[in-house]
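Open the model in your viewer and keep the selection panel at hand. The stops below tell you what to select next and what is there.

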Amino acid sequence: MITEYHRPDKLEDALDLLARTNPLTVPLGGGTVLNQPSDQQVAVVDLQALGLNLIEPRGRTLSIGATVTLQALLDASKTPLVLKAAIRHEATYNIRQVATVAGALMAADGRSPFAAAILALAPELTLQPGDEKVSYGELLPLRAEQMPGRLITYVAIPLDVKLAYQYVARSPADLPIVCAAVAKWPSGRTRVVLGGYGESPLLAMDGPNPQGADIAARDAYREAGDQWASAEYRSDVAAKLTRRCIDEFEN
Amino acid sequence: MNIELLVNGIEHQVEAAPGNTLFKVLRSLGYYGVKFGAEDGETGADTVLLDGKPINADFYLAAQAEGHKIATIEALGEHPQQGWKQTQGLHPLQQAFVVTGAIQCGYCTPGQILASIELLERNPNPSDAEVRDALSGVLCRCTGYKKPVQAVLRAAAVMRGEDVEPIDGSARPIPAPPGWIPPEGDTGGPADGFDAGFATQTQVMPQIKVTPKTEELQRVGKPEPKVDAIKLVQGKPAFAADLEMRGLLHAKVLHSPHAHALIKSIDASKARTLPGVAAVLTHEDIPRVAYSTAGQSDPIPGPLDCFSLDNKVRFVGDRVAFVAADTPEIAEQALKLIEVEYELLEPILDVRQSMQEGAPVIHDQPDYVHFADSDPSRNLAAEIRIDIGDLDKGFAEADHIFEAEYVVPKVQQAHIEPHVVVTYWDEDDRLVIRTSTQVPFHVRRMIAPILGLPVKRIRVIKPRIGGGFGGKQEMLIEDVAAHLTIATKRPVICEYTREEEFIASRSRHPMRIRMKTGIKSDGTITANEMYALSDTGANGAHALTVTGNTGHKSMALYVGDGEYRESPNIRFYADIVYTNNPPCGAYRGYGVPQGYWPLERHMEKITQELALDPLEFRLKNALRAGELHPFSTAWSEGREPRPETISTCGLEECVQQGKAAIGWDQKHGNEQWRNSLRSTQHAIRNTQHATRTPYSVLRRGIGVALVMQGTAIPYLDMGAASIKLNDDGSFNLLIGATDLGTGSDTVLAQMAAEVLGVLVNDIIVYSSDTDFTPFDVGAYASSTTYISGAAVVDAAEKVAERIKIRAARMLNERLNVETFERSNVKLIDGKAVGVGGEFVTLGDVALNALHHEDQEQIMAVGSYVSPVAPPPFAAQFAEVTVDTETGQVVVDKLVMAVDSGVIVNPITASGQIEGGMAQALGYAVCEEMVYDEKGQAREKDFRDYHIFMAHEMPELETIFVETFEPSHPFGVKAVAEIPLDGVAPAVGNAVLDAVGVNIDANPVTPEKVWRALKDK
């Protein structure tokens, strides 16, 4: 239950509010998750007036403000095409109007196509206070512990990286049962991220080249069984989807 | 906190809690066009525009919206005729939604229109795919999205200044020439004559092969706009929750966390003292009355095994207590203060364990009321044993015996408007129940003993219904609100949340079905046997009748050929057993889709094994006109069966039309076609959502299923109507039939208008109110157009008779002759016309009757019950693409050629077919309800329970093959349910065609296909 609502227009004010532990105070992006009925009493800090909604190319990276909506990112000319496809798969048109990039990344579970695709790109997050730069991959498993009192202000993704995304679902717009996002740097560095299972997307490989990516994917999902699919299925299909992603680069 | 909201250009100062959603605040301000669909905004019924962008008000905070411009549907156009006041009329989008038939229940319509407005403002000339993306955030369970997309494209053309072709009475479908066959591979474009000279074509008319008997009709057979379209397109407060009442309390239900438990003690004292709580009711507070929730005629053909509240819970989600409070939030808080001590009992969650020796008994209460063979000591809710002919002889004469087991899942109706009811005492101390129900008259009769009220002190009002699909053929929560109104004397609203819809409403019965079929080498079926083990869940509502129809409608289709056609050998046995899963109930198709998955998958296997042509084999053995419905002498929904002959059957023509439309002869079994995937729709959609799948791993396939359904329940379903002439020659048509979005109000008005010789908008339709409208069993069993329609015609003919008598007298007096008689006066175009063209208007007749001479109220009541239930027939085709590495199946195209008799309204009827195919598509590939080992549901929202969205739909094509059913004045048969029957098996058969594997349990999920391919 939301007990307080704040809409600061200065970052410092927002951080002061977020530093409170009583009441528990959390940042509010679009509210797609936070605003749903809950027993937990929270105060929310609406970020919409902080000016964190800019998308700016900076050299070989794209800086994305925390409150950029998924639709705005989808509409941006510099956004990688495959990331756009993952955004479309992530949410419907209505939801994309309000869901924010940072909110989507923090609320993501393993079935989030957007989080999987972004994670493959090894994004760097800027956290306040302290202007700290952290990798999304490191933050993701620890977000519950590390984020209270803190705020993501920017997400930076590389622009010189090839990205591929493949998924399997019951219908074209259903959430993935298995998905693979693979990013390949000009240096050959290759990151493989799997999704469709668990509490968050899983980094299956971060290597100097694509070699062994499909095997890494197969191993990473060897225990990934739940009510939606068996581990045997996910493991096999993860390898195949990863292979397809790699093939896309080569073709 | 104080919030300033700018809504439709009007500033509002609102005092709201920080967590109040924009939805809640807008509704409190009277903007009823924004609808509740789900707490997470997944339905989009809650769509509003925020600074011009569509967002979901269900989860967006009112506080977040401060400083932004909010627009709701109320900001758009209005009714074009408002007396002396000039108005702009409807917005072009609203107008397009009206004329294209894009509106069915209308609950999601405001959301679809608002999303479309935003699209057209940024893109005046969108593509089909762009429209679908814009609509992706608004779920529609009724339409299949085809007509809403066409509406947006049409509106875009109008807004660009283009002319668009009319869709009105002049646009009657072209009668098919003899031997008419659509072009091979036809893509479902408009019928001939609809595309000339217009840059933008509106493709909403189905192809129809018209029966010659209807060519003279003026109103029947025309694509008339729905009579309720103008109010729905404006988002008017037409639904059950759309009202304000002083002192309204909000009801909430405490649901069981356990699948099977006794309530040892329950203490509500803390909840009762919570400020704002008006009442808390437990099983200790209200009378214990056994009843069934099934909305069916008296006597209900099933056990009485429900109680409003009981000291035992039988599924996760079962009722434990009711609370009424000033706000929903207080009511929720009170639920948490109710202390319940449970004694856990062993649950039965696998249907195969229910009747095993030593299994826990789910209904051990002494006041259980039996029906027929119910035996709660064995967890048996109902039993069916039907033998037709001599099965053993049939099997003995067979050259081949095929046996297999199939599984069909539990699935949800998923109407976008949840169950919702408002109850209050009126000034005469009569209890008024305003409820979203398909069965208002049954609700009144059934709820009376539960409340201790006589029927005459209850009035049930059915406003518009935001979808039902059988889920509202159930008295599900009316008693909750009513008990609380009795307890508090105050009005109470009870509205289910989306999670409650999933855990505590009703669903389609899951079944395990065994088939055994005897075949001669020439493909003649000699015997056919089906056994169904049906999971009714914790209660037996609809247990007997749903599962009875599983056999009755599917196993009747294939009688065999030659001597077997004269005397088929068919067995249908079923055990319908209790489990501790949530109860099942009625769901569009009513057991029949469960029958056609095994039957048609089984038939396909037989054709494969014996190398028979799938279509020839089916038609060789299928029921034909002039033959006895084989089940008609054996079973009739728990009542006395009576023989029934099939008068009309267009099945063979359906096969011919359908196979031509989908290109069956070119594709089926064609290895080159299977492997020749290039730029198909599959690839396009796949690209839109993600990235390309290599074509080398994709295989295409095509499949078919033939199906039949029923039209009403013979000798039981009764509908009635009254028609009254008004001063101006218009008519009030009062019907008990309940339009749940199907368009039945409209087609009934068309029939009345046809008989009375007036325009459809001269018929003012009102339904349903138990105080004012005649009785009708309600909207189920595909009965309304047929049964209620015949009642309307009966009433209209009586009224027409009175009009003609008076008109003849008026003409004789006016012309000073004696030549006019009732028999030579016709009602045409609002006039009573004599043989020589002399006429008086119906307005003249009305004034004469009401004011001038020998005054009388020209009015009549008609009613109808049918001795037959003429089946509609259909051929359903599916084209799929299968990923051979992952098992993913994408359905590319669905075609349905259907004989539903005469089509009264081609747009509403094809809307029924398209929406039905979309629902059935979910049954085919993605919808199922799964429970863990404790009976906890996996699916509690639309994120997990995926229903098809606008941007992922395959191409849909509808073809009507008309026959003239002689038992109905206009020759109609049912439309609404049959599209649910054949899509899933057609998809399963298409997968077999594509990759050679059999999937015996639907939905056809990727892992099932992958596993089958692996085991191949």
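How far apart do the C-alpha centres of domain 1 of chain A and domain 2 of chain A lie? They lie 19 Å apart. Before going on, note that this is a predicted model: local features need pLDDT of at least 70, side-chain atom pairs count only at pLDDT 80 or more, and totals for chains, interfaces and linings use all residues. Residues are numbered from 1 along each chain as its sequence is written, while chains are lettered from A and ligands numbered from 1 in the order in which they are written.

**Stop 1: chain A, whole**

Select chain A. Its secondary structure comes to ten helices and twelve strands; helices (H or I, at least four residues) and strands (E, at least two) are DSSP runs, numbered from the N terminus. The radius of gyration, taken over C-alpha atoms, is 18 Å for chain A, close to the 18 Å that the globule rule (2.2 Å times the number of residues to the power 0.38) gives for 251 residues, so chain A is as compact as a globular protein of that length. Along the principal axes, its C-alpha atoms fill a box of roughly 50 × 45 × 30 Å.

Of the 251 residues of chain A, 55% count as buried. A residue is buried if 20 or more other C-beta atoms lie within 10 Å of its own, exposed if 12 or fewer, and partly exposed in between, with C-beta atoms placed from the backbone.

**Stop 2: the domains of chain A**

Colour three ranges: domain 1 (2-46), domain 2 (55-158) and domain 3 (162-250). These bounds come from an automatic or database domain assignment. Now look between domain 1 and domain 2 of chain A. Eleven residues of domain 1 are in contact with 13 residues of domain 2; contact means that the C-beta atoms of two residues, placed from the backbone, lie within 7 Å. Select helix α1 (residues 11-18) of chain A. With four residues, α1 gives the most to the side of domain 1 that touches domain 2. That side divides into seven nonpolar, four polar and no charged residues. Ala, Val, Leu, Ile, Met, Phe, Trp, Tyr, Cys and Pro count as nonpolar, Asp, Glu, Lys and Arg as charged, and the others, Gly among them, as polar.

**Stop 3: helix α9 of chain A**

Select residues 213-220 of chain A. This is helix α9, and six of its eight residues are buried. They are A:A213, A:D214, A:A216, A:A217, A:R218 and A:A220.

**Stop 4: chain B, whole**

Switch to chain B. It has 27 helices and 32 strands. Its radius of gyration is 28 Å, close to the 31 Å that the globule rule gives for 1016 residues, so chain B is as compact as a globular protein of that length. Its C-alpha atoms fill a box of roughly 80 × 75 × 60 Å along the principal axes. Buried residues make up 64% of the chain.

**Stop 5: a sheet in chain B**

Strands pair if DSSP finds at least two bridges between them.

Next, show β21 (residues 570-578) of chain B. Eight bridges join β13 to β21, and the two run antiparallel. Pick B:R385: its bridge partner in β21 is B:Y573.

**Stop 6: where the chains meet**

Show both chains. The contact takes 49 residues from chain B and 41 residues from chain A. On the chain B side, β4 (53-56), α2 (62-65), α5 (128-134), α21 (681-689) and α27 (1006-1015) give two or more residues. By class, that side has 21 nonpolar, 18 polar and ten charged residues.

**Stop 7: B:C926**

Finish on B:C926, in the loop between α25 (906-925) and β32 (955-961) of chain B. Is B:C926 buried or exposed? It is buried, with 23 other C-beta atoms within 10 Å. Leaving aside neighbours within four places in sequence, B:C926 is in contact with A:R170, A:S171, A:D174, B:H946 and B:P1003.
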